[in-house]
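Please look over the sequence and the model below, and then follow this report from the packing of helices to single residues.

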Amino acid sequence: MKTRQRQFIDYLHNERGLSPRTRKAYQRDLSQLAQEMRRQTIEDPAAVCEHTIRELIARLHRRGQGARSLQRLLSAIRSFYTWLMKEGFADHNPAASIRAPKAARKLPETLDADAITRLLEIDDDSPLAIRDKAIMELFYSSGLRLSELAGLKWTQIDFASGLVTVSGKGNKTRVIPVGSYAASALTKWRKVRGTFAGFEEPHVFVSKLGNPISTRTIQVRIRYWAQRQGLLQRVYPHLLRHSFASHLLESSGDLRAVQELLGHADISTTQIYTHLDFQHLASVYDKAHPRAKKK
């Protein structure tokens with residue numbers, strides 16, 4: 001099992017281009033399968049049957065493991081056996097027909113337009129403030145993922161056409177518009193960026209030491225500005241991505257376009273924002289209609 005698992009993780013890295021964090025998640029999930037195999041004295045992954053997987057899921061469920069974790073575990077096992085079958089190491093996928101308990105879908109948090117405006121009205125012309133504003137403007141303008149923004153290079157931005165090209169999950173490339181406010185903030189940042197790094201550094205956003213900025217630094221700086229600007233809500237990079245998607249869908253109603261801009265492989269992932277939009281409409285109705293609620 002250890003050899004096959006290691007080969008599979010190498011495949012996820014070399015051929016599918018998954019991030020270290022995602023690969024570690026696969027390793028953790030497959031280690032649970034390995035433990036179950038040892039418990040049932042099964043040595044070869046090809047000998048695992050559907051009953052083995054069902055016992056594993058049932059045991060973890062009884063221990064209180066959540067539905068989302070079990071769904072992710074099954075997804076990892078299915079992917080593992082799909083690879084085993086492709087390589088000729090197995091002739092069946094024991095997890096193919098097994099479904100985990102359904103999880104209640106949690107609606108993502110968002111900032112309303114007024115809160116976004118308040119966050120981005122930064123009255124500070126220091127290089128750090130200019131950098132941070134450019135980061136937040138780009139998050140909200142284009143809905144980038146944290147890893148995409150941290151790894152962004154100048155060659156990926158076309159200022160003439162107002163577009164940014166990024167490679168997201170699974171190395172899938174997408175081209176996203178950059179709003180005028182974000183473009184202006186990026187241009188201003190580029191003028192003062194030499195304070196921290198030379199032109200030989202290709203990354204757009206750098207630390208005070210001139211190195212590519214870390215995802216942790218981005219998280220810390222966004223939280224800092226939210227507190228400084230007086231926002232009571234906890235603010236983090238993905239919240240700006242959620243806000244981008246929700247506000248765009250609320251204005252356009254074009255779910256497919258939002259799916260493409262976010263880089264979601266499945267439109268059901270994007271549909272969560274339709275629930276947010278409905279909540280907004282329901283809230284307006286409750287406040288405005290004289291017979292909406294019982295007195």
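In this predicted model, helix 2 and helix 3 (residues 50-62) pack at an angle of about 110°, and their axes lie 10 Å apart. Helices here are DSSP runs of H or I with at least four residues, strands are runs of E with at least two, and both are numbered from the N terminus. The axes are lines fitted to C-alpha atoms, for helices over the stretch in contact, and the angles run from 0 to 180 degrees between N-to-C directions. Because angles of 65 to 115 degrees count as roughly perpendicular (under 35 is roughly parallel, over 145 roughly antiparallel, and the rest oblique), helix 2 is roughly perpendicular to helix 3. Contact, meaning heavy atoms within 4.5 Å, is made by Gln32, Leu33, Glu36 and Arg39 of helix 2 and by residues of helix 3 including Thr52, Ile53 and Leu56.

Helix 2 (residues 20-39) also packs against helix 1 (residues 2-14), at an angle of about 160° and with the axes 10 Å apart. That angle makes helix 1 roughly antiparallel to helix 2, and helix 1 passes helix 2 in a right-handed crossing. Among the residues that make this contact are Phe8 and Leu12 of helix 1 and Tyr26 and Leu30 of helix 2.

Two of these residues, Phe8 and Tyr26, belong to a cluster linked by ring pairs, together with Tyr11, Phe80, Tyr81, Trp83 and Phe89. Rings of Phe, Tyr and Trp (its six-membered ring) pair if their centres lie within 6.5 Å, and planes under 30 degrees apart count as stacked, over 60 as edge-to-face and the rest as tilted. The structure holds 11 aromatic pairs. The rings of Trp189 and Phe196 have centres 6.1 Å apart and planes at 40°, so this pair is tilted.

Charged side chains also meet rings: a charge sits over a ring if NZ of Lys or CZ of Arg is within 6 Å of the ring centre and within 35 degrees of the ring normal. The charged end of Arg4 sits over the ring of Phe89, 3.7 Å from its centre, and that of Arg190 sits over the ring of Trp154, 5.3 Å from its centre.

How much of the protein chain is buried? Buried residues make up 42% of its 295 residues, where buried means under 20% relative accessible area, exposed over 50%, and partly exposed in between (1.4 Å probe, protein chains only). The table lists some buried residues.

| Residue | Relative accessible area |
|---|---|
| Trp189 | 0% |
| Leu249 | 4% |
| Phe196 | 16% |
| Ser207 | 18% |

Ser207 lies in the loop between helix 8 (180-192) and helix 9 (215-228), and, not counting residues up to four places away in sequence, Ser207 touches Arg131, Phe196 and Ile213. Leu249, in turn, lies in helix 10 (residues 237-252).

Residues are numbered from 1 along each chain as its sequence is written. Local features need pLDDT of at least 70 and side-chain atom pairs count only at pLDDT 80 or more, while totals for chains, interfaces and linings use all residues, and side-chain values use heavy atoms, with hydrogens and water left out.

Terms used
Left-handed = near helix turned anticlockwise from the far one by under 90°.
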